[in-house]
Amino acid sequence: MSRHLGAAALVAILVALLSIRLTQFRDFQMAQVAVYVTAVAGLTVLTGLSGQISLGNGAFMAIGGYGTALLLLHLAWPLAAVLAASAAIAALAGALVGAATARLHGPYLAGATLLLAVALPSLTYKYPGVFGGEQGLNVTVSAPGSVPLTRWQAWITCGCALLTLVLLANLSASRIGRNWRAVRDDEVAAALAGVNVAWARILAFVVSAACAGLAGSLLAVTTGLVAPTDFTVTLSVALLTGAVIGGLGSLAGAVWGSLLVVLVPTYATDVATSHGLSSAVGSNIPVAAYGVVLIVVMLVFPNGIQGGLRRLAARVVPSPRRDEPVPAEMNNTAVRNASREASHEEIPKTPARRRARGRIGGGGRRLRLLEHERQQQLGRADGLGAGDHQQRDPDR
Amino acid sequence: MSSAALSVGSLAAGYGGVLALKDVSLTAAPATITVVLGANGAGKTTLLRTVSGLVRPRAGRVLVDDTDLTGRPPEDVARAGVAHVPEGHGVIAELTVEENLRLGAMSWRRDGRNTGRAARAAAVAAACDRFPNLGRRRHKPAAVLSGGERQLLAIARALLARPRVLLLDEPSLGLAPRAVRQVMELISQLRAESGLTILLVEQNARGALAIADQGVVLSLGTVVATADAGTLAADVALRHHYLGY
Amino acid sequence: MLEFLQFTLSGISFGAVYAAVALSLVLIWRGTRILNFAQGAMAMFTTYIALEVIRGTGSYWAGFAVALAAGLVFGALAEVTVIRPVEGKPPLNAVIVTIGLLVLVEGLAGIIYGGQYRSFPAAFTVTGLRAGRSPLGISWFDVFTVLAVLAAAAALAAGFRYTTAGLRLRATAFDARIARLLGVRVGRVLTLGWALAGLLGALAGLLISPSTFLYPNSMDSIFVFGFTAAVIGGLDSPAGAVAGGLILGVLLSYAGGYLGSELTPLAGLVILALVLTFRPDGLFAGVRLRRV
């Protein structure tokens with residue numbers, strides 16, 4: 001806890017110093033990155049920790065954004081209260097969505113959340129009286145004293161992003177985080193080990209929706225406007241892209257992913273306009289380049305940027321653990337845990353965690369054996385791809 | 001032993017950081033049954049998987065009729081004449097019995113024999129005649145078959161590939177005693193009638209040694225004994241220590 | 001009553017297109033366990049190619065054929081170049097790669113063809129059909145749309161059942177490891193699956209573009225509803241994809257017609273939520289094994 005807080009305080013000071021040196025536009029960009037970090041970190045928890053995909057977190061951002069606009073417009077609450085309330089409203093929506101999708105997996109969950117992202121903004125067209133229709137709603141905030149507005153916005157967003165990261169880091173190191181990992185790795189084993197699977201899955205949606213709601217609220221504050229075009233499917237897709245590209249294994253990945261998602265298109269646009277290309281070409285080259293970056297990063301760093309950095313670091317400073325001899329009769333679970341170890345090193349290994357893992361792993365092994373028998377009866381192995389199979393199904 | 005149908009030299013293979021096979025060598029003469037024995041985790045299944053290409057070897061060689069198949073992908077190994085009936089038979093339950101059999105006869109290597117469509121259909125029909133239990137339900141999904149029938153289907157499908165080497169992974173696992181006897185009889189028939197070289201992994205050491213020519217005992221990924229089947233069956237100390245009977 | 005008939009018929013016509021997209025997604029999903037988010041974008045691009053060919057040759061059918069062929073080639077090309085490396089990797093990697101492909105293709109279309117809306121010709125007249133004096137709300141081209149998709153689906157089903165390649169495709173979809181042990185070159189089979197999916201997508205693009213216009217994002221919403229249809233039907237079931245497409249098309253047509261077109265996406269969400277509440281793996285899900 002204190003370690004996370006200390007690091008966050010350090011970054012906060014750096015950000016504050018930096019923001020004073022930056023131009024207005026760079027301050028705005030910094031705020032944008034911070035907005036994305038807030039939302040992507042929440043999605044990293046949902047997808048990376050609890051194993052649920054969401055292509056609809058942009059919808060929660062819309063809820064947060066419109067909540068902020070309406071609260072400021074009609075009730076004129078102080079900003080901090082508005083931010084908190086917006087996150088809370090989005091969290092409530094997250095609870096509803098989480099409960100409705102608790103039984104869905106993989107592409108079915110992706111489809112349901114994708115449609116949520118498509119459908120929700122259409123409500124603003126249906127009720128233009130409340131939501132301002134296509135024009136959207138204005139959001140006005142004022143900076144205290146002589147602080148320029150963009151710098152003030154950068155401070156608010158970065159502060160909220162850091163706070164979110166600290167809270168999520170602590171959450172993922174807590175019992176709740178362990179439960180999420182257990183559910184992600186093996187739902188049945190987690191249930192046998194006493195984890196309430198449905199609650200764990202819903203809670204992950206609540207947390208991730210709260211982050212997205214806060215991010216949407218911050219977005220409204222920085223852009224001064226909420227409109228349906230701000231919250232299209234593209235936004236939801238960008239969030240997931242940021243989370244996966246950054247690396248789902250850790251919150252640091254959320255920062256890398258957000259930087260890439262926000263800065264690559266802007267940078268590519270700068271390059272294109274500075275070369276004086278025609279408008280059709282100039283406005284589309286960045287799009288194409290962004291697509292190429294997504295593909296290349298994913299092919300070069302299969303575990304995301306953070307995973308890639310970690311691999312590079314490991315090559316420079318070889319870890320002694322890898323050379324330890326491993327007994328050949330190590331069972332299935334041990335192998336799986338060993339490989340898991342490699343991909344999720346960021347969480348400190350407390351004795352409690354080891355205990356939990358041992359217990360859950362054991363349950364998983366028993367279950368896999370049962371499952372194997374069942375597969376024999378049904379006459380087929382699971383539907384994993386061939387390559388996957390080799391890694392996951394060692395000699396028994 | 002230059003006339004070996006299958007020759008495995010100093011093979012090492014594993015998963016992640018775990019070496020399931022450390023140093024395994026064996027040779028099998030043409031038209032023989034070699035039974036691979038050992039406790040759970042000895043590396044028996046990994047040996048078969050490495051021979052058939054499902055697992056990439058870390059070291060060593062795999063030769064079939066002097067063709068080097070080391071590290072080749074499973075589809076190439078299969079086309080070179082190695083048929084692998086994996087643990088749990090690997091019948092595709094959603095396909096019909098006949099479709100499973102057709103899959104077996106789909107990837108014949110060009111060895112001078114007729115590989116045309118009609119020849120394949122004839123081979124499938126012949127298999128249906130040979131195994132009337134399968135033939136009777138050739139248009140039903142394989143899911144309706146019993147465990148023993150599925151094992152027969154898996155072996156029949158492997159035979160349709162016209163293999164030179166047949167790898168069988170615990171064909172008797174989970175079968176009723178009667179079905180076990182049937183499967184074992186079939187295996188010894190195969191060697192006699194078609195000159196097939198068979199590598200058989202079995203838990204049921206007594207039954208397997210009874211039909212085998214040669215036995216190889218694995219422990220923790222290394223070979224602890226290689227001898228002809230009769231000698232192994234007579235070695236009481238070895239049996240107690242490694243085979244548990 | 002006439003209104004109801006009109007909504008139903010035009011719903012079937014749109015649904016047929018959703019079905020084609022859904023079928024292409026199912027083909028890829030069964031083989032590679034990958035959702036191809038670029039399916040719509042690829043179809044958009046092949047439709048641009050068709051437009052070029054039609055302008056050049058003056059023949060609609062030449063453009064039609066070239067677009068289908070281009071769909072085959074693009075599908076295969078995508079699989080071989082960018083998908084092959086992520087097969088067997090964490091599933092989300094493939095999702096991001098196909099999203100990258102989607103963005104790339106839409107960007108390329110913008111660079112080459114510009115962003116303006118273009119009209120795309122139809123194979124047959126788009127003037128409304130009538131029964132006696134009352135308009136039916138559909139045209140001969142809509143009839144062609146439905147027949148073309150059904151014919152494609154039937155051809156695919158027959159190919160799966162009666163050809164060697166079809167058997168290889170099915171075996172790979174059910175158990176790629178076993179297929180490889182039987183000598184099936186799984187890589188080629190997956191390429192074939194992607195190629196066929198590309199062809200179906202191209203067909204969808206050709207059939208829908210006369211009513212939506214053609215622009216770099218023109219297939220986005222068609223993709224979303226095609227995906228929804230595939231999820232409704234069950235991603236492992238080709239029959240489910242066709243049924244899901246038709247059901248979704250008709251229900252969305254009612255929603256749009258009776259409640260207002262801005263509610264169509266919301267209606268889609270409600271339909272999907274209802275189906276998945278009772279059938280979490282879609283309407284046509286068979287007995288599926290839980291993966292532990």
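**A walk through chains A, B and C**

In chain A, 80% of the contacts with a separation of 6 or more are made by residues 24 or more positions apart. The model described here is a predicted one. Chain A contains 18 helices and two strands. It has 396 residues, and 51% of them count as buried.

Chain A also touches chain C. On the side of chain A, 53 residues take part in this contact, and chain C brings 50 residues to it. Several helices of chain C supply at least two residues each to the side that touches chain A: helix 4 (91-113), helix 7 (176-181), helix 9 (220-233) and helix 11 (264-278). Of the elements of chain C, helix 4 gives the most to this side, with 14 residues. By residue type, the side of chain C that touches chain A holds 31 nonpolar, nine polar and ten charged residues.

Chain B can be followed through its strands and the loops that join them. Between strand 2 (18-28) and strand 3 (33-37) of chain B there is a loop, and B:Ala31 lies in this loop. The phi angle of B:Ala31 is near 55 degrees, which is a positive value in a residue other than glycine. B:Ala31 counts as partly exposed because it has 16 C-beta neighbours inside 10 Å, a number between the limit of 12 or fewer for exposed and that of 20 or more for buried.

Further along chain B, the loop between strand 4 (59-64) and strand 5 (67-68) holds B:Asp66. Here too phi is positive in a residue other than glycine, with a value near 70 degrees for B:Asp66. Within 10 Å of the C-beta atom of B:Asp66 there are 10 other C-beta atoms, so this residue is exposed.

Strand 9 (residues 214-219) and strand 10 (residues 222-228) of chain B run antiparallel, and six bridges join them. One position in this pairing is B:Leu218, which stands opposite B:Val223 in strand 10 of chain B. The side chains of a regular strand alternate between the two faces of the sheet. Strands 9 and 10 of chain B form a hairpin, with two residues between the strands. In the turn of this hairpin, B:Leu220 has a positive phi of about 50 degrees.

How values were computed. Residues are numbered from 1 along each chain as its sequence is written. Chains are lettered from A and ligands numbered from 1 in the order in which they are written. Helices (H or I, at least four residues) and strands (E, at least two) are DSSP runs, numbered from the N terminus. Two residues are in contact if their C-beta atoms, placed from the backbone, lie within 7 Å. Two strands pair if DSSP finds at least two bridges between them. Ala, Val, Leu, Ile, Met, Phe, Trp, Tyr, Cys and Pro count as nonpolar, Asp, Glu, Lys and Arg as charged, and the others, Gly among them, as polar.
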